[in-house]
Amino acid sequence: MKQKIAVLGAGSWGTALAMVLVENGHDVRIWGHHEEQMTEINDNHTNHKYLPDIQLPMALKGAYTIEECVEDADAVLFVVPTKAMREVAKQFVAVAHNKPVIIHASKGLEQQSYKRISEVLLEEIPEENRKDVVVLSGPSHAEEVAVKDVTTITAAAKDLACAEYVQQIFSNEYFRVYTNQDVIGVELGAALKNIIALGSGALHGLGYGDNARAAIMTRGLAEISRLGVAMGADPLTFIGLSGVGDLAVTCTSVHSRNWRAGDLLGKGHSLDNVLDNMGMIVEGVSTTKAAYELSRELNIEMPITETIYKVLYEDEKVENVIKQIMLREFKSEQEF
């Protein structure tokens, strides 16, 4: 059944997901902050800043206002940076006149409150303006989805019917969606893997090889699981698509902006220089701060997260903190 879908956020991931929805025959409008970007999408059918060399479908329409984008929408997909999520949700509520399924495909934790994105959306969007909030997450690079590379991700919601709805509108021969009801686990896996990706990139920048990368991914997954279970997640979620799957793709690919940022840090660039030159939000930087503070509040041991925090926020040298973490107290791998 053809659906009317609004996409709020015209970065690489929002645009790639909009392309999938258009491919599936839906009426899709996309909104971004910059008027010239919407004009480019409408007139040239490109989004060169975020997806260079990709031709967008002619049926994808850029909306100049949120109100225009969400009018009569059956579903509204939020794909904006974590720090902007609450404000964009408020802007949506101000113009909303119906009750769409709310979907988000962003990955992070809100600063200071440490809230997951679905919690932010549920707080800001009253029940009369939404059905359930569905989390769309998993191992996926926008650059590969845009060229129809095979991709599998997860749609997670407490209301299974809403997750199945998202599964139906997105799934096709190259983009497969699985359902899950562990919203906490899916969101935390998505957010926290960006921290580990920063570390993986930093190791590469320092010249370390596959052994080191395997170590940080494996022990990083243990940290993600520890914090996730303490917050109510199902531990099995972390061996699925939004756990080990997303961790693997983000820690090993040059498409990952978190990996690229870590790589530059490992090569000696300052954090300010890295962020200035990335051109896009590096969610792992702010997520590291939130996760580090949350782990201390909950008394959860997260040594890799603490190490990355020291590099980002205490100006520690990457090579020094790696030595420190390798010389920590010996313990069993089975200790959880």
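**The annotated binding site and its surroundings**

Mentor: The protein is divided into domain 1, residues 4-181, and domain 2, residues 188-327. The model is a predicted one. Between the C-alpha centres of domain 1 and domain 2 there is a distance of 25 Å. In contact across the boundary are 25 residues of domain 1 and 28 residues of domain 2. The size of an interface is often given as the accessible area lost when the parts come together. For domain 1 and domain 2 the buried area is about 2100 Å², with 62% of that area from carbon and sulfur atoms.

The UniProt record, an unreviewed entry, also has a domain feature, "Glycerol-3-phosphate dehydrogenase NAD-dependent N-terminal", at residues 4-162.

Now to the site. In the unreviewed UniProt entry, one "binding site" annotation covers Lys 107, Arg 257 and Asn 258. These residues are spread over 152 residues of sequence, yet they cluster in space, with a largest C-alpha distance of 12.7 Å. From this set, Lys 107 is part of the lining of the largest cavity. The unreviewed entry also places a "binding site" feature at Lys 107, Gly 138, Ser 140, Lys 193, Asp 246, Ser 256, Arg 257 and Asn 258.

Take Lys 107 to begin with. Lys 107 sits in the loop between strand S5 (101-104) and helix H5 (117-124). Its relative accessible area is 13%, so Lys 107 is classed as buried, the cut-off being under 20%. Leaving out residues up to four places away in sequence, Lys 107 touches Thr 82, Ile 117, Ser 137, Gly 138, Ser 140, Ala 190, Ala 191, Lys 193, Asn 194, Asp 246 and Glu 283. Among these contacts, Gly 138 has its backbone oxygen 3.3 Å from the side chain of Lys 107.

Ser 140 is one of the positions in the "binding site" feature of the unreviewed UniProt entry. Ser 140 is located in the loop between strand S6 (133-137) and helix H6 (142-145). With a relative accessibility of 13%, Ser 140 counts as buried. Apart from neighbours within four places in sequence, the contacts of Ser 140 are Trp 13, Lys 107, Val 145, Thr 151, Ile 153 and Val 249.

Asn 258 belongs to helix H11, residues 257-266. At a relative accessible area of 5%, Asn 258 is buried. Setting aside residues up to four places away in sequence, Asn 258 touches Asn 194, Ala 197, Leu 198, Val 282, Glu 283 and Gly 284. Asn 194 and Glu 283 are also among the residues touched by Lys 107.

The side chains of Ser 12 and Arg 257 are joined by a polar contact of 3.3 Å. Ser 12 lies in helix H1, residues 12-23. Ser 12 is buried, with 5% relative accessible area.

Met 217 is found in helix H9, residues 210-230. Met 217 has a relative accessible area of 16% and is buried. Residues up to four places away in sequence aside, Met 217 touches Ile 196, Leu 247, Ala 248, Cys 251 and Thr 252. From Met 217 to Lys 99 there are 118 residues in sequence, and the C-alpha to C-alpha distance is 40 Å.

To return to the site: Lys 107 is buried, Ser 140 is buried, and Asn 258 is buried. Arg 257 is tied to Ser 12 through their side chains.

Definitions and conventions: Residues are numbered from 1 along each chain as its sequence is written. This is a predicted model: local features need pLDDT of at least 70, side-chain atom pairs count only at pLDDT 80 or more; totals for chains, interfaces and linings use all residues. Side-chain values use heavy atoms; hydrogens and water are left out. UniProt positions are given in the numbering used here, feature names are shortened, and annotations may be inferred rather than shown by experiment. On a 1 Å grid over the protein atoms alone, a cavity is a set of points where a 1.4 Å probe fits but cannot get out, and a pocket is an open set with protein on both sides within 12 Å along at least five of seven lines; lining residues have an atom within 4 Å of a point. Helices (H or I, at least four residues) and strands (E, at least two) are DSSP runs, numbered from the N terminus. Buried means under 20% relative accessible area, exposed over 50%, partly exposed in between (1.4 Å probe, protein chains only). Contact means heavy atoms within 4.5 Å. A polar contact is a pair of N or O atoms within 3.5 Å; within protein, one must be able to donate a hydrogen and the other to accept it, and residues adjacent in sequence count only if both atoms are side-chain atoms. Domain bounds come from an automatic or database domain assignment. Buried area is the accessible area (1.4 Å probe) that two parts lose on being put together, summed over both.
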